[in-house]
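Welcome! Here is a short tour for someone meeting this structure for the first time.

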Amino acid sequence: MKNPNSLRLGVGSSFADDRISPAVELAKKGGIDYLIFECLAERTIARENQTKLKNPEKGYTPRLLERMQAVMPVCIEKNIRIVTNMGAANSVYAARDTRRLAKEMGLGDVSCTIVTGDDVADLLKVNPQLEIMESGEPLESLLPQMVSGNAYLGADVICKALETDAQVVITGRVADPSLFVAPMMYEWGWSYDDWNKLASATACGHLLECCAQVSGGCFADPGKKEVHDLARLGFPFADIHNNGNFWVSKVEGTGGRVDLATCKEQLIYELHDPYTYITPDCILDITNLEMYQDGVDRVRIEKAKGRARTDTYKVTVGYDDGYMGEGQISFAGPNAVAKAKYASQVVQDRLKDRGFQYSEVRVDLIGMSSLHGNADARIEPYEVRLRLAMRTSSKTAAQAVGFETRALHVNGPSGASGGSDPVVKEILAVQSVLISRSLVDKQVQIQRITS
Amino acid sequence: MTRVYDLAHGRAGDKGNTSNISVIAYNDAAWEILQKQLTVDVVAKAFSHITTDTITRYELPKLQALNFVIEGALGGGVTRSLAQDAHGKSFSSLMLSIEIN
């Protein structure tokens, strides 16, 4: 560590396809001790499980190597440790390929430690009685379609990986804030009875886990909420003191802003009861949390409170949920909306005549009601784009939605234009269950990859 | 009539089929109005064409913010929704469009 009194954590991504160059900039100019990449959305790991089934050497975040290639030289030069969940469904090969890349780049033997054990699919199969959190139904009903089950592990196991002194720590599914909590626990020696400090660490992780969303992303409203140089948003970092207080900031000279407004929006983002935010590391209470502007683009956060962690892990269960078929086509000028509505009816009649069945049909008038609904209450726009999306268990039925929509160019109302290529998506949905910690902890492994 | 937009900013997040939308007051006066007038009933009316499930309002007085947790709002959740905006990110602007006295 560069500063014995303070630890600086930088964040390099908020999802698998996030910008890469701001992470490099942060590593070069941010004076950070750790660079943390969060890249796993809810169902990403389910997708990567399917990839791994097809190719046992894949199944990690597809852009892992592109990211590593960009950041490793500077991270190694400045001794910045990398912590990431880009292992997804295959941390072993993520580490192996990262090390191979480092050698090819002339960076030498880069030490990698991985965390595995989050894959609990086999445990789920023998525990069909577990209750699905969303529906209250037993898990048994999902098991025939299940493609993955991954527990959100906590900071303790990442901490163990950091104890191996590896330059790069790669995990699969862990709770997003835990990626940040772990370096704090490791550097400051915090333990699982210091709940307020863990709460502070979790609040810090929560603020950083969506990366630029705390430094000016997802915020600008021109003329109302200005964000300077949004094209060159700086990714954020946090300075954490041993007492648990922390500051959120960004590299000087980058675009964006870090202030009370951006920090408040991000603190409440994806949080329900502010008294009870459950992670594998603690139960965070932000009801008394305080924020202060401490200079330009720098916010101090204090008084997060914590209660003891629960004895369960949350598990995301990925399952096949049929197909979605989609088609789009546009209309403009006089009577555009009426034409779009007529077109919608034509497509639905055609699909019915062909004997296809859909369990759910969605009709969007883009430019009018596709985001906030309620078409009847809206003013008619000059141009409108019809979007039809339908759910079905049949791939053929899903394909027909787009084909029938595009056929309106010739067979539909006048002026139907710009029909989209038919889209068929295989739906990989997720539900959640809770599983006892003790069942999962037995299978967690910390492994130094040497190949 | 005043729009919530003139008093506050906010952000929408998703968890499963539930949307949460923050409403963060720009100043003390705005906070006082929002705290009194932006009730669950008012929000439920504005979102009635999207969901009629439970809406819970949490207050964060130290941050002068409200957090609305709106169940059943996301067409089955981001992973299976047929909507373009499966995350419901645009719902923050629907919240800010609400008019109050």
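Predicted model: local features only at pLDDT ≥ 70, side-chain atom pairs only at ≥ 80, totals over all residues.

## Ground rules

Helices (H or I, at least four residues) and strands (E, at least two) are DSSP runs, numbered from the N terminus.

Residues are numbered from 1 along each chain as its sequence is written, and chains are lettered from A and ligands numbered from 1 in the order in which they are written.

## A helix with a bend

Helix H3 of chain A covers residues 64-77. At Val71(A), H3(A) bends by about 45 degrees, and Pro73(A) follows within four residues. The bend is the angle between axes fitted to the seven residues ending at a residue and the seven starting there.

Which residues of H3(A) are buried? They are Leu64(A), Arg67(A), Met68(A), Val71(A), Met72(A) and Cys75(A). Buried means that 20 or more other C-beta atoms, placed from the backbone, lie within 10 Å of the residue's own. Their cover includes strand E1 (6-13), helix H1 (21-29) and helix H4 (91-104) of chain A.

Contact means C-beta atoms, placed from the backbone, within 7 Å.

Leu35(A) is also among the residues with the most contacts inside the largest nonpolar core, which has 162 residues. Such a core is a set of buried Ala, Val, Leu, Ile, Met, Phe, Trp, Tyr and Cys residues joined through C-beta atoms within 7 Å. At least three of its residues come from each of domain 1 (6-118 + 153-310) and domain 2 (317-432) of chain A.

## Two domains, two chains

The centres of domain 1 and domain 2 of chain A, taken over C-alpha atoms, are separated by 38 Å; the domain bounds come from an automatic or database domain assignment.

Between the chains, 36 residues of chain A are in contact with 29 residues of chain B. Elements giving two or more residues to this side of chain A include helix H9 (260-268) and strand E14 (312-332).

Definitions and conventions: Expected span 1.5 Å × (residues − 1). Buried ≥ 20, exposed ≤ 12 C-beta atoms within 10 Å, placed from the backbone. Contact = placed C-beta atoms within 7 Å.
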